[in-house]
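The structure is shown first.

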Amino acid sequence: MRKTMIAANWKMHLATHEASLLVHRLHQHIKTHRDIEIVLAPTMLTLQPLSLEIDRRRFRLAAQNAYFKDEGGFTGEVSFTMLRGLVHYAIIGHSERRIYFNESLEMIRDKVAAAIRNEIAPILCVGETKHERDARETRQVLHDQVTTALSGLTADEVSQVVIAYEPVWAISTFGGEIARPLDVAEALKFIRYEVSELYGQNVADEIRILYGGSVNEHTAGGYLALDDCDGALVGSASLNYHSFAAITDVAFRMSHQA
Ligand code: PEP
């Protein structure tokens, strides 16, 4: 059984006191759903204080990024080694990092390996740009991103990875077009197929695949109903406690219908 994950990517929003306030509101509004894993990804600066404030039975923390070297002369960076024990997960390969910070396929592969080495499960983001979609290159892009990022890992390590399919054109930062669940279903199925080709059917059955791209309380149900969808990575709507709590309620209801 794959446990549904609803993850909040707060991006570069919320100073420490604002993040604390949002966590306080989430404690008030999110019911304890044992079957749903709720993950919060605040900025690097707020991870430590929030780790002392969150109810660990209800929330887990994720970093939004880290550097692949364990330590050294890399001014401004924080390593996965330093995050060990503080976070369960790390978002890796988010399109904002691929596009704004020129993160290459190889750098993302090295970050995935560094996370695993430090016992942090990667939430690996993959997805095509609008240009690639229009050129019908979605499958090729997903193939390249998935294959490179997971290369060098054992089957056991791959089963710890969570993959988030986030078509770039559907992310609020890059236009926020609403993706049709039918199209999302096809991409999720293809990603699971790719994992089965690389690591076998057992790993493909175990690995969790999320959808991300302008998910809100109104659209979440359409994606969560898909066979291959094991949750959502939520950006903008996760900054609003009403919306984010409502998304977790939808996920809970749907996991109980299944
Ligand atoms: C994201 O950044 O991962 C994301 C899905 O953002 P949004 O929900 O705002 O599109």
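Phe 174 has a relative accessible area of 24% and is partly exposed, where buried means under 20%, exposed over 50% and partly exposed in between (1.4 Å probe, protein chains only). The model is predicted: local features need pLDDT of at least 70, side-chain atom pairs count only at pLDDT 80 or more, and totals for chains, interfaces and linings use all residues. Residues are numbered from 1 along each chain as its sequence is written, and side-chain values use heavy atoms, with hydrogens and water left out.

Tyr 100 is also partly exposed, at 48% relative accessibility.

## Aromatic pairs

Six aromatic pairs are found in a search of the whole structure. Rings of Phe, Tyr and Trp (its six-membered ring) pair if their centres lie within 6.5 Å; planes under 30 degrees apart count as stacked, over 60 as edge-to-face and the rest as tilted. One of the pairs joins Tyr 67 and Phe 74, and because the ring planes stand at 45°, with the centres 5.1 Å apart, this pair is tilted. Tyr 67 is buried at 16% relative accessibility, whereas Phe 74 is partly exposed at 31%.

The pair of Tyr 100 and Phe 174 is tilted, with 5.6 Å from centre to centre and 45° between the planes. Tyr 100 belongs to helix α4 (residues 95-100) and Phe 174 to the loop between β6 (162-165) and α9 (181-199), so the pair ties together parts that are 74 residues apart in sequence. Helices (H or I, at least four residues) and strands (E, at least two) are DSSP runs, numbered from the N terminus. Tyr 67 and Phe 74 also belong, with Phe 68, to one aromatic cluster.

## Charges over rings

Two arginines have their charged ends over aromatic rings: that of Arg 97 lies 4.2 Å from the ring centre of Phe 101, and that of Arg 133 lies 3.9 Å from the ring centre of Trp 169. The criterion is that NZ of Lys or CZ of Arg is within 6 Å of the ring centre and within 35 degrees of the ring normal.

## Ligand site

The ligand has 14 residues around it, of which Lys 11, His 94, Glu 166, Ser 172 and Ser 214 come nearest; a residue is near if one of its heavy atoms lies within 4 Å. By class, this shell holds four nonpolar, eight polar and two charged residues. Ala, Val, Leu, Ile, Met, Phe, Trp, Tyr, Cys and Pro count as nonpolar, Asp, Glu, Lys and Arg as charged, and the others, Gly among them, as polar.

On its own the ligand has 290 Å² of accessible area, and the protein covers 99% of it; accessible areas come from the Shrake-Rupley method with a 1.4 Å probe.

Asn 102 lies in the loop between α4 and α5 (105-117) and is exposed, with a relative accessible area of 64%. Glu 119 is in the loop between α5 and β5 (121-126) and is exposed at 62%.

Tyr 223, in helix α11 (residues 220-224), is buried at 3% relative accessibility. The C-alpha atoms of Tyr 223 and Ala 185 are separated by 8.0 Å, and the two residues are 38 residues apart along the chain.
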